[in-house]
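Dear colleague,

Please find below the structure that I am handing over to you. My findings follow directly after it.

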Amino acid sequence: MTDADEDAARAISRAHDDVNTAAAFAALARRNAALAAAVKAAMAAYDAVPIVRAADPRADAREIIAKGAA
């Protein structure tokens, strides 16, 4: 194999590595986008659940004590 052949083989190998690297980064970006969408959906579902609290925080305690006394 001549020096030119070896240089060409190295150039092809580098180009192949660049393509593989670009493909890996593209796959990573797709995965990250999917994860971000899943997190956004989970946060929206969490935010959709209403928080129910008594107007008087002590009312909950009084209710628990009343149930325990009954």
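How many positive and negative side chains does the chain have, and how far apart do the centres of the two sets lie? In this predicted model, there are 9 positive and 10 negative side chains, and a distance of 18 Å separates the centres of the two sets.

As to the fold, the chain contains two helices and zero strands. Helix H1 covers residues 3-48 and helix H2 covers residues 57-69, with a loop between them.

Along the principal axes, the C-alpha trace spans about 95 × 20 × 15 Å.

Two residues of the loop between H1 and H2 were examined individually. Val49 is located in this loop and counts as exposed because its relative accessibility is 53%, the cut-off for exposed being over 50%. Its C-alpha atom lies 22 Å from that of Ala59, at a sequence separation of 10 residues. Asp56 belongs to the loop as well; its relative accessible area is 23%, so Asp56 is classed as partly exposed. Between the C-alpha atoms of Asp56 and Asn20 there are 62 Å, the two residues being 36 residues apart along the chain.

With kind regards

Terms used
Residues numbered from 1 in each chain as written. Predicted model: local features only at pLDDT ≥ 70, side-chain atom pairs only at ≥ 80, totals over all residues. Heavy atoms only, no water. Helix = DSSP H or I, 4+ residues; strand = E, 2+ residues; numbered from the N terminus. Lys, Arg positive; Asp, Glu negative; His and termini not counted. Charge placed at Lys NZ, Arg CZ, Asp CG, Glu CD. Buried < 20%, exposed > 50% of the residue type's maximum accessible area, 1.4 Å probe, protein only.
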